[in-house]
Amino acid sequence: MKTPSGRAVKVPVTRGLVSFTETGEVGIYTVATPKGETPIAVNLMSAEESDLTPRPFPARPAGAASQPASVPVQRELWPFFILLATGILLLEGALYWRRQAGGRLRLPGGVGDRWALALRCALLVLLLATLLRPTIPRWVDRLNVVFLLDVSDSVSLAARETASRFVTAALPAVQDGDQAGLIAFGQEAVVDQPLRPKPKLERVQSQVPGRGTDIAQAIRLGLAILPPGQANRLVLLTDGRQNSGNAVAAAQAAKAMGADIYYVPLPLTFRQEVVVESMLLSQEVKFGEPFHAKVVAWSQQETQGRLSIFRNGEFLGSQVVRLGAGKNVFTYRQTLEQSGIHVYQAAIEVDGDTIEENNRAVGTVVVRGRPRVLVAERDRTHAQALSAALRSQHIDAEVTEADKIPGDLAGLQRYDGLILSNVSSLKLTKRQMESIREYVRDHGGGLIMVGGEESFGLGGYYRTPIEEALPVTMEVRQKIEIPSLAVVLSIDRSGSMAMSTDEKVTKLDIAKEAAHLVVDLLDERNEVGVMSWDTEFLWDAPMQAARNKQAIHHAIATIRAGGGTDGYPALKEAYLALYDRPALLKHIIFLSDGQMTRGDFAGLIRRMAKDKITVSTVAIGKDADVQLMFDIAKWGRGRFYYTEDTHTIPRIFTLETQLVSKASLIEQPFRPTVASGSHEAIQDIDWKSTPPLGGYVATTLKGSAEMLLMTHQEDPLLAVWRYGLGRTAAFTSDAKAKWAVLWLRWREFNKFWAQLTRWTLRTATRSDTVAAVERRHGMGEVTVEAIDTKGDFLNFLDSQVGVVTPGKQRTVVELEQVAPGRYRGRFAASDEGVYLVGMAQRRGEQMVGSQLSGLVVPYAQEFRDLGVDETLLRELAELTGGGAVSQPKDVFLQSRRRSRLAIEFWPWLVGLVAVMLLPEIALRRIGPGFLTQLFTRVSRVAPGRGLPNAR
C-alpha cells in the first residue's frame, strides 16, 4: 500500500482479504498486487466535496515517470500447454477421421480405426479434466504451531526469558511432519523465525517497538503464515494487556480458519511497581472557587512513598502517603485566583519501583475570570451583608432594586447569576419573570431566591415563571395545625371589567384566573365563597368547605360581565356570610376597577373589624376609586393593592391568601439540620457550630429537587436542582439582620454564601460556539460547533487555533468548515505532555466566540495496565476451542487432530495420456490384428509350458 505522502506500507493478507485502516491522509492510495495496481481516492469529507464545478486534472510534476514502475508477476504456464496439446490432438484426430471416412459424416469402416477414435476421445477428456486440478484427500497426523511471543515493555526481561525457555522446552515434543515458527510482537508484529519442520527456535532477534501491545496483529500475522486446511495452532505467550487492535475479532478469524489458540500467561515479575494512573481535575472552575485535585495511583502491594504536587512547574508540596494493594485515591483541595489555564502534575517516588515512566500524571484546569452576580433586594441597605460576603470570596456583586432588574435577556446575560433577596413578585413584570426563567433554562444562568416577608409565597410567586425555575413550590404542607380560614372573594363584574388587555383577555378573565389560584391554595379545612357584583351581587360559589374544588372552579368560570358598579351591598352580604362562620380567621378580598355608588362603608367596616373580619382591597386602573379602596383596607385592618398591570392580579390574590392564612410565615428560632452533606454547595463547613435562625418562609420541595438543609419542621431551608441548562437554589430564611442576625457573625457565613452562589453560576463563558479538543490516532483534533441564540448555524467563520506544544513550540492551525456550523482542524500530538490550545472565531471584525483548553497526552498505555489479563486470554482460547498450556510438551501433544491434505494428481493424468498415445497410434497404424497376434504369442508362453520345439 502506497499512501499519498509516498509512504509504503506492507499490509498482511488474511484469508484472502486485505484490511488497511490508516487512511488519515487526503489523496490517492495505491494498492499494488501481483495482478497490478489499483488507485483509491480518499477525501475525508472535504469542504470541496459539495463543489461540483469541473476542475482540470493537476499537472504532472516535472521529472515524473511517464509509466508506473513495473511489478514482477509470476504466472503458471502449464494450463496453456495443456490447451495447446488438446488442440493439436483434436486437430490431428479430426484430420485422420476425415481421411478414413472419405469426408462423409460417419464412423470409419475399420474396427481398428473405430477403437483408435474412441481412445483418442477418452484421452482428450482426461486432458481437459486436468485443467480442474483434481485432488485426492489424505489424512495425516501433522500439526503446525506458531508461537506468538510478547516483547512489549509491559513484559519484563525475566518474563521474556521464561517465555523463550518455554518455547525451547516445547520443541522436543515435535513429531514427524510437525512444523513450528515464531512471531515477536509488541506495538507491531514481525515473523522472527518462519514456519518450518524440525525447527531450532532461538531467542528473538527482531527489533519490535515495545510501547504498545497489539495481540490482534500478531494473531492475523500468524494466520497468514499457517498453511490453510491443515491442523494449525497459535500459542500466545503474553500478559494479555492489549492496548490497540481487537484481539477478539482476530480470534473470530482464527476460528473461521480452523486454527485453535492456546495461551501461556506471563506474570508481572517486578518485585514492586506503582503506577500513577491519572490526575483528575475539573475541566473548568470559577475564579476563587474551591475544587479538588485527585491523584489515582495503583500499587502492586502495600507500601509507602512520597507524593509531590506541582502547578505550572512550581512545587506546591509533598507528603509521605500509604499505598494499599490496588487503587488508591489522594485528594487535595485547591483554589485558584488567576484566570487562564493551569497545568498540574503529580509524581510519586517509591523504593524498589521498576518503571519510572508511569510514576507521574498530568492534568489541566481552566479558570474563568471573576464571576459577576446581580443581587436584587427590596431595600439596598439590607443587601450589604450578603454582597460583602460574596466580594470577600472574589465574586463581584452588584446590588440593585427589584425594578432595576433587566427586563430582557440581553441585560441578564451580562451576569453569571442572579440573587432575588426578599423581592416581591409585584415589583416584577410578567416579561421580567419570563426573561429570568429563559435566562436560567436556555442559557445556563444561575438563580438564588432568598427568603423574607416578601419572598416565596409571601411575595406572590405561586404559579409564576420564577416558581417554575425554583426547586420548591409555594404550596405549603404544614406539619402542625394552623387556624382554619374562611375567605370571600368579592369581584367587580361591571361592564368596564369586560375591557380587553394587550393580550386580548379581559380584566374579568384575569380576576377569575386569580380566584382559581386562591381555590387551589386552600386546603380542606378552609372555607371559600366567590361572589361577583355590579349593581347587584350574586353568589357564584356560596360559602363552603374547599373540598369540591372542581365544582367551585366551574362556578367561577361562569361569571359574566355587565352593569354598573355598586360594591356596598356585596360587601355587606360578605359580612353577613362570614359572621356566623366558626373559622378563626375570616377575610374578604374586595376587587374593583371603577367608581362605586357611595354607601356607609365606614360604619360597615368598623362593625366587621369588631367581629374580627378583615378586608383587603385591590384597585385596578386609574378609574378605580383609589381613596375609597384605600380607606376600606385601612378600616378593615387589611392590605391595599393598586395596580395598572392587570396581570399582577393573580399574584396579589395568592399573596393575600397566604398572608391571611398565616401558613407560610414561620417565625420560630431553630437550628438548621443537614439533609445532604455531600453536596459541594455545603461541603467543608462546620454545621455543628451553626447559630440558630429566627424564622423562614414555608415551601414544599419539588419531586426531583434535592434538600440540603431543613428546618425544625422538616421544611426546606436550602434546596437546589438543575433547571434546563442552569442551576437554581432556594434559601427560605433571610441573609440580613432579622432572622439571620446571628448568622451575620458566624465565621462560615461568607464561605457558605460564596459556595452556594458559585454552584449556581453559569459554567461557561457566553459564546455562540462550543469547542472540543481530543486526541485520535496520534493527532489532536479540534471541533467547533457554531450556533447562534436562534438555533441557526453560523457558517463561513474565520476560525483559527493556536497550539503550544510541550516543547514550547507555537503553531497555528486553520479550521476547515466540514458541515453546517461545524469546523475541524488537526495538529500533531505525538509527544507526551500538555498541549495548550487557544481558539477564536470571528466574522469579519466581530468576535463570535473564544475558548481556552488543554490536551493531555499521557505516557504510553503500555506502562499503565500491568499484570495478567487472563480473562481476555481465556476468552480468546475458548472462542477457538483452545485453552491454557501448563507444560511445554503439551503444545504439540495436547488435543492433536489429523490434517487432511489435498494431493494433486493431474500430473499423473497427463502422464497417463502421454503413455496411452502409443496404443492409440498402434491401432491406427497397424490395426487391431497386431494386438491379437501379440496376445496369441504371449498366451503361448504361459506358465507350465515349454518353448516350441525347433524344426
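A residue counts as buried when its relative accessible area is under 20%.

**View 1. Gln-841 in its strand, shown in the predicted model.** Gln-841 lies within strand β43, which spans residues 833–843. With a relative accessible area of 0%, Gln-841 is buried, because this value is under the 20% cut-off.

**View 2. An open sheet of five strands.** The strand order is β12-β18-β17-β14-β15, and the pairing is mixed. Strands β12 (284–285) and β15 (314–323) stand at the edges; each has a single partner strand, so one side of each is left without a neighbour in the sheet.

**View 3. The pairing of β17 with β18.** Strand β17 (residues 340–349) and strand β18 (residues 360–367) run antiparallel and are joined by eight bridges. Within this pair, Ile-341 stands opposite Val-366 of β18.

**View 4. The chain from which the close-ups are taken, as a predicted model.** The chain contains 20 helices and 45 strands. Of its 951 residues, 48% count as buried. Among contacts between residues at least 6 apart in sequence, 72% join residues at least 24 apart. The chain exposes about 47,800 Å², of which carbon and sulfur atoms supply 53%.

Notes. Residues numbered from 1 in each chain as written. Predicted model: local features only at pLDDT ≥ 70, side-chain atom pairs only at ≥ 80, totals over all residues. Heavy atoms only, no water. Helix = DSSP H or I, 4+ residues; strand = E, 2+ residues; numbered from the N terminus. Buried < 20%, exposed > 50% of the residue type's maximum accessible area, 1.4 Å probe, protein only. Contact = heavy atoms within 4.5 Å. Areas by Shrake-Rupley, 256 points an atom, 1.4 Å probe, with all protein chains shown as cover. Pairing = 2+ DSSP bridges.
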